[in-house]
Amino acid sequence: MSLKRNKKIFEDSGYKDKSTKSPNFIPTDIESEITKSFILGWFDGDGCIYKTSKQNQVYFCVTYDQDWSFLSKILSYLGVKHSIKKKTQSTGKFSVIYLGGKRNIKIFLNWIYSTDIKGLPRKYNKYLSIK
């Protein structure tokens, strides 16, 4: 597919304003490789695996007005507890979706890394270290 064609698909699906809209044009078939790959790409761009000796946490941090409905629906379907917070600091405004607890983190990460696509090596390696 060409870049122009891909751009048109996104625009025709109402995803021109990607920084605030929910990607509802992506299939919500939980086992779809397209869905998993899209979420993995989003996670590689805006997500984080936070690991210390005392806790593990996964989160996405994006624009303040982000519509989280698509990701929240997937997490709920997977049985992953999560919370959404909007924050204002001196450096700006942003929105975060948090996944806490080893069980929730493992379910989510095992799900996004269950295809042949592994995304950014540094994030994949961090996943392997807490698996």
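A salt bridge is a side-chain nitrogen of Lys or Arg within 4 Å of a carboxyl oxygen of Asp or Glu. The legends below describe a predicted model, in which local features need pLDDT of at least 70, side-chain atom pairs count only at pLDDT 80 or more, and totals for chains, interfaces and linings use all residues. Residues are numbered from 1 along each chain as its sequence is written, and side-chain values use heavy atoms, with hydrogens and water left out.

**View 1. The salt bridge between Lys36 and Glu31.** By the rule above, the count is one salt bridge. Lys36 pairs with Glu31, and their closest N and O atoms lie 3.0 Å apart. Buried means under 20% relative accessible area, exposed over 50%, and partly exposed in between (1.4 Å probe, protein chains only). Lys36 counts as buried because its relative accessibility is 6%, whereas Glu31 counts as exposed because its value is 52%. Side chains of opposite charge can pair when their charged atoms come close.

**View 2. The largest nonpolar core.** A nonpolar core is a set of buried Ala, Val, Leu, Ile, Met, Phe, Trp, Tyr and Cys residues joined through side-chain atoms within 4.5 Å. The largest one has 27 residues, and those with the most contacts inside it are Ile39, Phe43, Phe60, Phe108, Leu109 and Ile112. Two or more residues come from each of α2 (33-46), β2 (56-63), α3 (69-78), β4 (92-100), α4 (102-112) and α5 (121-130). These helices (H or I, at least four residues) and strands (E, at least two) are DSSP runs, numbered from the N terminus. With contact meaning heavy atoms within 4.5 Å, Ile112 touches Lys36, Ile39, Leu40, Phe43 and Ile117, not counting residues up to four places away in sequence.

**View 3. The buried face of helix α4.** Asn104, Ile105, Phe108, Leu109, Trp111 and Ile112 are the buried residues of α4. Seen down the helix axis, they fall within an arc of 160° (taken from the directions from the axis to the C-beta atoms), so they line one face of α4. Exposed Lys102 and Arg103 sit on the face turned away from this buried side. The buried residues of α4 pack against α2, β1 (47-51), β2, α3, β4 and α5.

**View 4. The two sides of helix α5.** Lys123, Tyr127 and Ile130 are buried in α5. Their arc around the axis is only 70°, which puts them on the same side of the helix. Pro121 and Arg122, on the other side of α5, are exposed. Packing partners of the buried residues of α5 are α2, β1, β2 and α4.

**View 5. Strand β4 with its partners β2 and β3.** Two strands pair if DSSP finds at least two bridges between them. Seven bridges join β2 to β4 in an antiparallel arrangement, and Thr63 stands opposite Phe94 of β4. Strand β3 (residues 83-89) also runs antiparallel to β4 and is joined to it by seven bridges. Ser83 has Tyr98 of β4 as its bridge partner, and a hairpin connects β3 to β4 through two residues.

**View 6. Cys48 and Cys61.** A disulfide is a pair of cysteine sulfur atoms within 2.5 Å, and by this rule the count is zero. The sulfur of Cys48 is 9.3 Å from that of Cys61, its closest cysteine sulfur, which is too far for a bond. Cys48 is partly exposed at 23% relative accessibility, and Cys61 is partly exposed at 31%.
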